[in-house]
Amino acid sequence: MHGLVIKNTGSWYTVKTDDGQIIESKIKGNFRLKGIRSTNPVAVGDRVQLITNQEGTAFIAAIEDRHNYMIRKSSNLSKQSHIIAANIDMALLLVTINYPETSLTFIDRFLASAEAYRIPVVLLFNKTDILSDDELRLQEMVMNLYDTVGYRCIAISANTREGLEQLRPLLKDKITLLSGNSGVGKSTLINALLPGSDLRTAEISDVHNTGMHTTTFSEMLPLPEGGYLIDTPGIKGFGTFDIEKEELSSYFKEIFEFSKDCRFNNCTHTHEPGCAVRKALENHYIAQSRYDSYLNMLDDKEEGKYREAF
């Protein structure tokens, strides 16, 4: 029997079979011995093969080939990964200029990881209804930065539904990953897109201007226009996994374009003579924040970096 993993609660996986049944499933005993260096060898979005039993539950016996997945460093085991979701058509990264503030480093880390696994990303700038005039100007500048790099940016308010008419056509018949820091409004957005879902929302902590976790597991939510929205726990840090230093520049679109003119093929864009990337940076063709994020990720081999919990 074949099916789609639509929910992961840690020890149990909810699988929707090809004939429409919903079956609670566990991993078969020896499944973890197949060399999968992950805290969760099965992820939401996986296509799996099931062996059913008399109790009405099932064992997951095999994972079918994935066409992509989104992965990050495990929050507590630096040598292992955590697969956020698999077989994704698009990712939505929900960010906020304030309440709480999403750092540009976090955005760049997410974008680079999505590039590595060939997942298109749309940036959603939420809470526009509560931003001051100065914050709105800052949002416009940040949106212009990422638009210039090549990412679609949409300003929305999940609370007032502003901007959602631009979003809905993008979701039709796609499997879309929704991600972002805790507190940026993912649950509010899902409630707006899926009337009747009534996901729990939480207030922002005034002390640290940070979000509270309201989602504790990943789940695929069917959309009325067709397709699924994958709801994931809020992320505090985004530690990249299995991205080699030599490959990193190719996951920053603008850095990759200018790197073609570097004198050396193995240029790291940090100190080498004839580096076209650093020249483009000096001439303001590459944003300093993006270059800083690139350097930050080059240092990721440091033990313990970006290992904050979900």
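Predicted model: local features only at pLDDT ≥ 70, side-chain atom pairs only at ≥ 80, totals over all residues.
Q: How many salt bridges does the structure hold?
A: A salt bridge is counted where a side-chain nitrogen of Lys or Arg lies within 4 Å of a carboxyl oxygen of Asp or Glu. On this criterion, the number of salt bridges in the structure is nine.

Q: Which residues are linked with Arg47 in a network of salt bridges?
A: Arg47, in strand 4 (residues 47-52), pairs with Glu64, in the loop between strand 5 (58-63) and strand 6 (69-73). The closest N and O atoms of this pair are 3.9 Å apart. The network also includes Asp18, so the residues linked with Arg47 are Asp18 and Glu64.

Q: Is Glu64 buried, partly exposed or exposed?
A: Buried requires under 20% relative accessible area, and exposed requires over 50%. Glu64 has a relative accessibility of 23%.

Q: Are Arg290 and Asp108 buried or exposed?
A: The side chains of Arg290 and Asp108 meet in a salt bridge of 2.8 Å, N to O. This pair links helix 8 (residues 288-298), which holds Arg290, to helix 1 (residues 104-116), which holds Asp108, across 182 residues. Both Arg290 and Asp108 are buried.

Q: How many residues apart in sequence are the parts tied together by Lys253 and Glu115?
A: Lys253 forms a salt bridge with Glu115, with the closest N and O atoms 3.8 Å apart. Lys253 lies in helix 6 (residues 253-259), whereas Glu115 lies in helix 1, so the parts tied together are apart in sequence by 138 residues.

Q: Over the face of which residue does Lys253 lie?
A: Lys253 is partly exposed, with a relative accessible area of 28%. Besides its salt bridge with Glu115, Lys253 lies at 4.1 Å from a ring centre, over the face of Tyr151.

Q: Is the aromatic pair of Phe252 and Tyr294 stacked, tilted or edge-to-face?
A: A search of the whole structure finds four aromatic pairs, among them Phe252 and Tyr294.

Q: Which residues form one aromatic cluster with Phe252?
A: Phe252 is buried at 0% relative accessibility, and Tyr294 is buried with a relative accessible area of 2%. One aromatic cluster holds Phe252 together with Tyr291 and Tyr294.

Note on methods:
Residues numbered from 1 in each chain as written. Heavy atoms only, no water. Helix = DSSP H or I, 4+ residues; strand = E, 2+ residues; numbered from the N terminus. Buried < 20%, exposed > 50% of the residue type's maximum accessible area, 1.4 Å probe, protein only. Phe/Tyr/Trp six-rings, centres within 6.5 Å; stacked < 30°, edge-to-face > 60°. Lys NZ or Arg CZ within 6 Å of the ring centre and 35° of its normal.
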